[in-house]
Amino acid sequence: MIKFIYRHKITIVVSLFFIVGLFLGDFFNISKLYYGYDRNQYFEAFRQFEKNEKEAIDILKNLNLEDSEYTINELENGFYLWLENRRIMDNASRIENISNEMRQKSLDLVYYSKLRLIYFSYLKKNLSEGVVDVYDNKISELENKINKFLKENNLDSINF
C-alpha cells in the first residue's frame with residue numbers, strides 16, 4: 001500500500017487539488033482564470049442593473065399625482081436607483097480584460113442611466129415647484145432620447 005501511494009503521489013495530489021477546486025471554485029474565481037475576466041462580477045452587475053431598472057420603471061408606472069409629497073419621494077427613490085445603476089455600469093466597464101463589445105455595452109448603459117437620472121430629476125422639479133409646464137419641453141426631449149436609445153439598441157427595456 002505504501003509503495004502504491006509513493007508511486008502515485010503526483011496523481012493523488014493532483015486529484016486532491018481537482019476535488020478541492022470543484023468545491024471552492026467560486027472562492028478561487030475559476031471563471032476569471034477560464035474567461036480572462038471576472039465573468040461573475042460582470043454578469044452580477046447586469047443582474048443588479050436590471051433589478052434596479054425594473055424597480056425604477058415601476059415607480060413611473062405607479063405614480064400618484066394626487067399625492068405630490070408621496071410622488072416626489074418615489075421619484076427621489078427612482079433617482080437614486082438610476083444613480084446606483086450609473087455607478088454599477090461604470091464599474092462594470094472597468095473590469096479588467098473584458099471585450100471591447102462588453103465595455104461598450106456597459107458605457108452605453110452609463111449613458112442611458114444618465115438620461116434617466118436627468119429625466120427623474122426634471123419630473124421631481126416639475127412636481128416640487130408646483131408649476132407643471134415649466135420643464136415639459138425638457139422632459140419630452142429626454143423621453144425622445146430615451147426612446148431613441150432603446151430603439152437603436154433593440155430594447156423595450158433592458159433585459160440580459
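The model is a predicted one. Its protein chain holds eight helices and zero strands, so that, read from the N terminus on, the elements follow the order α-α-α-α-α-α-α-α. Some totals for the chain are set out below.

| Property of the protein chain | Value |
|---|---|
| Residues counted as buried, of 160 residues | 31% |
| Contacts joining residues at least 24 apart, among those between residues at least 6 apart in sequence | 65% |
| Accessible surface | about 11300 Å² |
| Part of the accessible surface that belongs to carbon and sulfur atoms | 55% |

Two of the helices can be followed in more detail. Helix α6 covers residues 68–93 and helix α7 covers residues 100–129, and their axes come within 8 Å and cross at roughly 165 degrees. Because angles over 145 degrees count as roughly antiparallel, α6 and α7 are roughly antiparallel to each other. The crossing of α6 and α7 is left-handed, and the contact between these helices has 15 nonpolar, eight polar and seven charged residues.

The loop between α6 and α7 contains N97, a residue other than glycine whose phi is positive, near 70 degrees. Most residues other than glycine have a negative phi. With a relative accessibility of 56%, N97 also counts as exposed, because the cut-off for exposed residues is over 50%.

Methods: Residues are numbered from 1 along each chain as its sequence is written. This is a predicted model: local features need pLDDT of at least 70, side-chain atom pairs count only at pLDDT 80 or more; totals for chains, interfaces and linings use all residues. Side-chain values use heavy atoms; hydrogens and water are left out. Helices (H or I, at least four residues) and strands (E, at least two) are DSSP runs, numbered from the N terminus. Buried means under 20% relative accessible area, exposed over 50%, partly exposed in between (1.4 Å probe, protein chains only). Contact means heavy atoms within 4.5 Å. Accessible areas come from the Shrake-Rupley method with a 1.4 Å probe; for residues, only the protein chains shown count as cover. Axes are lines fitted to C-alpha atoms, for helices over the stretch in contact, and angles run from 0 to 180 degrees between N-to-C directions. Angles under 35 degrees count as roughly parallel, over 145 as roughly antiparallel, 65 to 115 as roughly perpendicular and the rest as oblique. A crossing is left-handed if the near helix is turned anticlockwise from the far one by less than a right angle, and right-handed if clockwise. Ala, Val, Leu, Ile, Met, Phe, Trp, Tyr, Cys and Pro count as nonpolar, Asp, Glu, Lys and Arg as charged, and the others, Gly among them, as polar.
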